[in-house]
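Below are my notes for a colleague who is opening this model without having seen it before. Please read them with the sequence and the coordinates side by side.

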Amino acid sequence: MERLDKFLADSGAGSRSQIRQILKSGKVSVDGRPIRDGSMKIDPMLHRILLDGKAMLGRRRTVLMMNKPAGYVTATEDPVEKTVMELLPEEYRHLDLKPVGRLDKATEGLLLFTNDGDLLHHLISPKKEVPKIYYARHEGTAGREDVLAFEAGILLRDGTRCLPAVLTPLGPGESLVQVCEGKYHQVRRMMASRDLPVIYLERRKEGCLSLGELPRGAVRELSGEEIGAISGL
């Protein structure tokens, strides 16, 4: 059993204050009877809860893909900086979504959000070896020795050893970098260790997912098939 107002919040009906107003308006019914008391205990398996005639399903696993623009920090809240949470459409802001991993303020590209803790852990754990591919514009030109250094596992200047990665030079000042872990500023630090400081960085792929035609700053919800694919199901 759980409180009706919490069940509505988990269903994405709105914030706590919005749900109070929704309940007062008489738009919520339980088994056909209008209910205005959010503290009412309900069992989603036994009761049918409707909002404006639409069935509420409770907490659902949701995964979103964002094409993150520069200028936003990857955090659920920050006292100074703009966060990626501010870019989420209103209908998703009450689903307890969290960013999967981290893109720094200047880095753009593919960023996932989910309210599924197991999936989040699966995607960020180095043991799962979920590949992430970045496009980097950088100073200098990557060569064969740099490629081999990435394959061996870069040793960062602070002594941190990175797992083996794939560096694919695209020409003067351009490369693709594939990693399967997410250390702090990892790609930038790896490139800097090879005297190839990054000027611009964009994450283009994570696992089987790619940005496709998703515009910068836009968000889309993943399909069940896509969620299954990245979950390894």
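1. Strand β9 pairs in the parallel sense with strand β13 (residues 198-206), over 2 bridges, where strands count as paired if DSSP finds at least two bridges between them. Within this pairing, glycine 109 stands opposite arginine 203 of β13. The model is a predicted one, in which local features need pLDDT of at least 70 and side-chain atom pairs count only at pLDDT 80 or more, while totals for chains, interfaces and linings use all residues. Residues are numbered from 1 along each chain as its sequence is written, and side-chain values use heavy atoms, with hydrogens and water left out.

2. Strand β7 (residues 63-68) pairs with β9 in the antiparallel sense over 6 bridges, and lysine 68 stands opposite glycine 109 in β9. Strand β8 (residues 98-99) also runs antiparallel to β9, the two being joined by 2 bridges, and threonine 114 of β9 is the bridge partner of lysine 98. Strand β9, which spans residues 108-114, is mostly covered, with 7 of its 7 residues buried; buried means under 20% relative accessible area, exposed means over 50%, and partly exposed lies in between, for a 1.4 Å probe and protein chains only.

3. Which residues have the most contacts inside the largest nonpolar core? They are Phe113, Phe150, Met190 and Met191, in a core of 32 residues, a nonpolar core being a set of buried Ala, Val, Leu, Ile, Met, Phe, Trp, Tyr and Cys residues joined through side-chain atoms within 4.5 Å. At least two residues of this core come from each of β7, β9, β10 (132-138), α4 (144-152), β12 (174-179), α5 (186-193) and β13. Apart from it lies another core, of 15 residues, among them Val100, Val130, Leu209 and Leu214.

4. Two residues can be followed through their contacts, where contact means heavy atoms within 4.5 Å. Leaving aside neighbours within four places in sequence, phenylalanine 150 is in contact with Pro164, Ala165, Val166, Leu167, Val177, Met190, Met191 and Arg194. Valine 147 lies in helix α4 and, at 11% relative accessibility, counts as buried. Not counting residues up to four places away in sequence, valine 147 touches Leu167 and Pro169.

5. Helix α5 is mostly covered, since 6 of its 8 residues are buried, namely Gln186, Val187, Arg188, Met190, Met191 and Ser193. The elements that cover these buried residues include β10, α4, β11 (166-171), β12 and β13.

6. How do helices α3 (residues 117-124) and α6 (residues 224-231) pack, and at what angle? Their axes are 10 Å apart and the angle is about 55 degrees, axes being lines fitted to C-alpha atoms, for helices over the stretch in contact, with angles running from 0 to 180 degrees between N-to-C directions. The two helices are therefore oblique to each other, given that angles under 35 degrees count as roughly parallel, over 145 as roughly antiparallel, 65 to 115 as roughly perpendicular and the rest as oblique. Leu119, His122 and Leu123 of α3 make the contact with Ile227, Ile230 and Ser231 of α6.

7. A separate point concerns an open sheet of 4 strands in the order β3-β2-β5-β6, with antiparallel pairing. β3 (33-34) and β6 (54-55) stand at the edges with a single partner strand each, so one side of each is left without a neighbour in the sheet. Strand β5 (residues 49-51) is joined to β6 by 2 bridges, and leucine 50 has alanine 55 of β6 as its bridge partner.

8. Finally, some backbone angles deserve a look. Most residues other than glycine have a negative phi. Aspartate 31, in the loop between β2 (28-30) and β3, has a positive phi near 55 degrees and is partly exposed, with a relative accessible area of 47%. Histidine 185, in the loop between β12 and α5, has a positive phi near 50 degrees and is partly exposed at 33%. Aspartate 195, which follows α5, has a positive phi near 60 degrees.
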